[in-house]
Amino acid sequence: MEMLPKMNLQELEEKLTNGKYVLFFTADWCPDCRFIKPAMPEIEKDFSDYTFIQVDRDENIDLCQEMTVMGIPSFIVYENGEETARFVNKDRKTKEEVEDFLTAAK
C-alpha cells in the first residue's frame with residue numbers, strides 16, 4: 001500500500017484525478033487502526049480495482065481537518081478526482097464492515 005506524503009487537499013485531489021482510490025486514514029498509536037491493518041492486504045487483493053493509499057493522520061493532520069476526518073481508522077473512496085463514499089468515524093472497523101462499505105461504494 002502506498003503511503004501518502006504530507007500534502008494539502010488541492011494536491012491530493014490532483015493526485016487522485018484519474019482512477020479509483022481508497023484512502024485509509026490511520027496512525028501508529030491507534031489501537032483500532034492496528035486491529036484492521038492485518039486485514040488490509042486481503043482487502044486490497046479483493047478490491048484490486050482500487051489503488052489503496054495509507055494516510056498517516058499525524059503527518060497529514062491539516063489534510064484530515066480539511067477533509068473532516070476526525071476519527072480513525074477511516075476510509076474515503078475517490079473516483080476520477082471526486083469523493084464517492086466515506087466510512088469515517090472513530091469506531092473500530094472489522095474486515096467485513098470495510099468490505100461491505102467498499103462493495104456498496106462500487
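Student: What should I keep in mind about the kind of model and its numbering?

Tutor: This is a predicted model, in which local features need pLDDT of at least 70 and side-chain atom pairs count only at pLDDT 80 or more, while totals for chains, interfaces and linings use all residues. Residues are numbered from 1 along each chain as its sequence is written, and side-chain values use heavy atoms, with hydrogens and water left out.

Student: In what order do the strands of the sheet lie, and which are the edge strands?

Tutor: Strands of a sheet pair through backbone hydrogen bonds, in either the parallel or the antiparallel sense. Two strands count as paired here if DSSP finds at least two bridges between them. The sheet is open and has five strands in the order E1-E3-E2-E4-E5, with mixed pairing; its edges are E1 (2–3) and E5 (82–87), each of which pairs on one side only.

Student: Which strands pair with E3 in the parallel sense, and over how many bridges?

Tutor: E2 pairs with E3 in the parallel sense over six bridges, and E1 pairs with E3, also in the parallel sense, over two bridges. Ile53 of E3 is the bridge partner of Leu23 and also that of Glu2, while Phe25 stands opposite Val55 in E3.

Student: Which residues have the most contacts inside the largest nonpolar core?

Tutor: A nonpolar core is a set of buried Ala, Val, Leu, Ile, Met, Phe, Trp, Tyr and Cys residues joined through side-chain atoms within 4.5 Å. The largest one has 20 residues, and those with the most contacts inside it are Leu12, Leu23, Phe25, Met67 and Tyr78. Two or more residues come from each of helix H1 (9–15), strand E2 (20–26), strand E3 (51–56), helix H4 (61–66) and strand E4 (74–79), and E2 gives the most, with three residues. Contact means heavy atoms within 4.5 Å; leaving aside neighbours within four places in sequence, Leu23 is in contact with residues including Leu12, Ile53, Val55, Met67 and Tyr78. Apart from this core lies another, of 17 residues, among them Tyr50, Phe75, Val98 and Ala105.

Student: Where does helix H5 lie, and why do its buried residues line one face?

Tutor: To describe such packing, axes are fitted to C-alpha atoms, for helices over the stretch in contact, and angles run from 0 to 180 degrees between N-to-C directions. H5 (residues 95–105) lies across E2, E3, E4 and E5, running at about 150 degrees to E5. The buried residues of H5 are Val98, Glu99, Phe101, Leu102 and Ala105. Seen down the axis of H5, they fall within an arc of 160 degrees, so they line one face of the helix; the arc is that of the directions from the helix axis to the C-beta atoms. The face turned away from the buried side of H5 carries the exposed residues Asp100 and Ala104.

Student: Why does the pair of Lys20 and Asp49 tie together separate parts in sequence?

Tutor: The closest N and O atoms of the Lys20 and Asp49 salt bridge are 3.1 Å apart. Lys20 lies in E2 and Asp49 in the loop between helix H3 (40–46) and E3, so the pair ties together parts that are 29 residues apart in sequence. Lys20 is partly exposed at 24% relative accessible area, as is Asp49 at 37%.

Definitions and conventions. Buried means under 20% relative accessible area, exposed over 50%, partly exposed in between (1.4 Å probe, protein chains only). Helices (H or I, at least four residues) and strands (E, at least two) are DSSP runs, numbered from the N terminus. A salt bridge is a side-chain nitrogen of Lys or Arg within 4 Å of a carboxyl oxygen of Asp or Glu.
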